[in-house]
Amino acid sequence: FGDYDEGYLQQCFGEVVLSFKEHFVIDLALPTGSSMSRHHRRNAKKASEKVSVEVCDNPDVYAEQWCDLYANLTERHGIRGIAAFSRSSLARQLRVPGMVAFRACSGEHTVGMLLWYVHRRVAYYHLGAYTEPGYRLRASFALFWFAIEYFADSGMKWLALGAGAGSGSRGDDGLTRFKSGWATGTRTAYFCGRIYDRERYAELVRLSGTAPTRYFPAYRSGEFG
């Protein structure tokens, strides 16, 4: 949603302008839910009958619950490294300006939460996490449906849902299917970079023994393979 096109990025960066991923988006100028798949509509309806959803007026109040939910997420999916945020990091994220959090409850128990960041008239989906009962109740469907309606009523213009899992574009992973079921379209996310010292860069690539690759910087491509 930046004010640029690929040609402008080429002028700015030159060396590295890659179409990285297609991010799913929702155009809120269209009737709410008009693009929702039948599968998502059915699940959202069923889930909304079993859980209640609310916007968190003060997200920081739910820091402990959010940290516990995310701990379950990291354990369930074996998340490691930088994506396995510490509890202090997760709590601080709730205090970032523009944060909007939603909470799903079954009875008195929180079974899921969604975090979004709002900038101008675009709301960006950040993270979601659930308890095991939350997964069984399909709380994610109730939460996303509630969030879409909330942002539409709040005067937002677009919702950015992000892309699927990993760096590929197969489109067959569960996260891609989930996000595409809500989306009205996609927007390209670009990966850009510049090389200021070409001789030094070439030397680093040579020393790393890296085969020709589109990965940038090339000398680090083997670290994450």
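## Pocket lining

Sorted by type, the lining of the largest pocket has 18 nonpolar, twelve polar and four charged residues. This is a predicted model, where local features need pLDDT of at least 70 and side-chain atom pairs pLDDT 80 or more, while totals for chains, interfaces and linings use all residues. Numbering runs from 1 along each chain, and side-chain values use heavy atoms, with hydrogens and water left out.

The pocket (an open set of points on a 1 Å grid where a 1.4 Å probe fits, with protein on both sides within 12 Å along at least five of seven lines; lining residues have an atom within 4 Å of a point) holds about 1,300 Å³ of space. Of its 34 lining residues, Leu73, Leu127, Ala165, Leu175 and Lys179 sit closest to the centre.

## Nonpolar cores

Now for the cores, meaning sets of buried nonpolar residues joined through side-chain atoms within 4.5 Å, with buried being under 20% relative accessible area (1.4 Å probe, protein chains only). The largest one has 32 residues, and Phe102, Leu114 and Phe144 are among those with the most contacts inside it. Helix 6 gives the most to this core, nine residues.

Phe144 touches Leu114, Trp116, Tyr125, Tyr130, Leu161, Phe178 and Trp182, leaving out residues up to four places away in sequence; a contact is heavy atoms within 4.5 Å.

Technical notes
Grid points are joined across faces, edges and corners, and a volume is the space filled by probe spheres set on the points. Ala, Val, Leu, Ile, Met, Phe, Trp, Tyr, Cys and Pro count as nonpolar, Asp, Glu, Lys and Arg as charged, and the others, Gly among them, as polar. Buried means under 20% relative accessible area, exposed over 50%, partly exposed in between (1.4 Å probe, protein chains only). Helices (H or I, at least four residues) and strands (E, at least two) are DSSP runs, numbered from the N terminus.
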